Amino acid sequence: MASGGAQLADMLVKSNSTEIIVLESCLYALILSALLFGNLITLLVLVLNRRMRTVPNMFVASLAITDLSVGIFASILSFYSGITSHWCFGDEMCQFQGFISVTFALASIHTMALMAVNRYFRVVKPAKYRQLFTKKKTMIMIVTVWIYSMCSPLYYILSGQKMVYHPFKYFCILQQFEGNRLFEAIKSVVYIGIPSFVIFFSYSRIFQTVRNHNLNFSPSNGTRSSVNVEEIKVTHTLFVIVVCFHICWLPILAIDLVDIIHGRWISPREVYLAYSFLGTISSAVNPIILVLINRKFRREYLKVLRCSYCLNQRVAPIVIIG
């Protein structure tokens, strides 16, 4: 069985035609541009409009920050590496890129778990919602998730292990074959499996509650419902974000688990290339979802693009006293 280092060295000597590199680079550049532009616009919307700074949108802002950070500090380096077919930024930047990529990927899925819990209390147990999800408490939850997400890659750094550049993924990744492979597989499942279970349970209860509400609600009897229509729309938007994230990341997790079990990278280059593309797409898709299915965000996006916020700023006249 070839060692991980020997495999990586063998991958480096395998070059692709110029046409393939150009095609892949153009496609990746398109996705990367959508990632940077879309998440930047999302943050501008939340900064410029106070009415958009709701508790659910704090999670949207957290996702936009993590996705934008991945784009700036990781994906741009991968884009250049894909063009040149090798890593030319030094070992320190490789360690940094690997740390950033793992941290923010974990922060994203755990933030989505918090979003699901937020929606659960808002729809299923609304009496406790305002007590649990104040803006201050929500900020503490988000920061805690970020710190917790750093623990996985930090373990590797503190234990003396290093990130390695994967020529087919164009990313610096964790070298997961040197230690206990069973432990690595279990840790991967725990970091992804627990938040995924929380998401599944929360949204299952939410949809059950909404369905029961629709069956039992009768406009003729004047019944007032605790399930607000606007909140259901917000829940639907956040649920679509979660679904798209899992569509992108479940294949990534499956590829990693297969490699860990075999103790080496066994898939062809095309699989690992799709791996990286899916990870980047997951960071670019949220703004597109918000534009397509959320009317408020669509309206605010258009305002930013038209510079409506700038035009609405009134400049006080200059009075010259003579």
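## Cysteines and the disulfide

Cysteine 88 is partly exposed, with 38% relative accessible area; buried means under 20% relative accessible area, exposed over 50%, and partly exposed in between (1.4 Å probe, protein chains only). Cysteine 151 is also partly exposed, at 39%. This is a predicted model, in which local features need pLDDT of at least 70 and side-chain atom pairs count only at pLDDT 80 or more, while totals for chains, interfaces and linings use all residues. Residues are numbered from 1 along each chain as its sequence is written, and side-chain values use heavy atoms, with hydrogens and water left out.

The structure holds one disulfide, a disulfide being a pair of cysteine sulfur atoms within 2.5 Å. Cysteine 94 and cysteine 172 form it, with their sulfur atoms 2.1 Å apart. Cysteine 94 lies in helix H4 (residues 90–123) and cysteine 172 in strand S2 (residues 171–174), so the pair ties together parts 78 residues apart in sequence. Helices (H or I, at least four residues) and strands (E, at least two) are DSSP runs, numbered from the N terminus. The torsion about the S-S bond of cysteine 94 and cysteine 172 is about -120°, so the disulfide is left-handed. Cysteine 94 is buried at 4% relative accessible area, and cysteine 172 is buried at 3%.

## Annotated spans

The unreviewed UniProt entry places the feature "transmembrane region" at residues 20–47, 59–83, 95–117, 138–158, 185–203, 234–252 and 272–293. UniProt positions are given in the numbering used here, feature names are shortened, and annotations may be inferred rather than shown by experiment. Residues 20–47 are 100% helix and 0% strand, with end C-alpha atoms 41 Å apart. Residues 138–158 are 95% helix and 0% strand, and their end C-alpha atoms lie 30 Å apart.

## The largest cavity

The whole structure has four cavities of 30 Å³ or more. On a 1 Å grid over the protein atoms alone, a cavity is a set of points where a 1.4 Å probe fits but cannot get out, and a pocket is an open set with protein on both sides within 12 Å along at least five of seven lines; lining residues have an atom within 4 Å of a point. Grid points are joined across faces, edges and corners, and a volume is the space filled by probe spheres set on the points.

The largest cavity holds about 730 Å³. Its lining has 38 residues, with Val102, Ala105, Trp249, Asp256 and Tyr275 nearest the centre. H4 gives the most to this lining, nine residues. By class, the lining has 21 nonpolar, 13 polar and four charged residues; Ala, Val, Leu, Ile, Met, Phe, Trp, Tyr, Cys and Pro count as nonpolar, Asp, Glu, Lys and Arg as charged, and the others, Gly among them, as polar.

## Tyrosine 272

Tyrosine 272 is in helix H10 and is buried at 0% relative accessibility. Not counting residues up to four places away in sequence, tyrosine 272 touches (heavy atoms within 4.5 Å) His166, Phe168, Lys169, Ile255, Asp259, Trp265, Ile266 and Ser267.

The largest pocket has a volume of about 440 Å³. It is lined by 23 residues, of which Thr54, Asn57, Glu230, Val234 and Lys296 are closest to its centre. H9 supplies the largest share of this lining, five residues. The lining divides into nine nonpolar, five polar and nine charged residues.

The second largest pocket has about 280 Å³ of space. Among its 16 lining residues, Asn57, Met58, Ala61, Ser62 and Met139 are closest to the centre.
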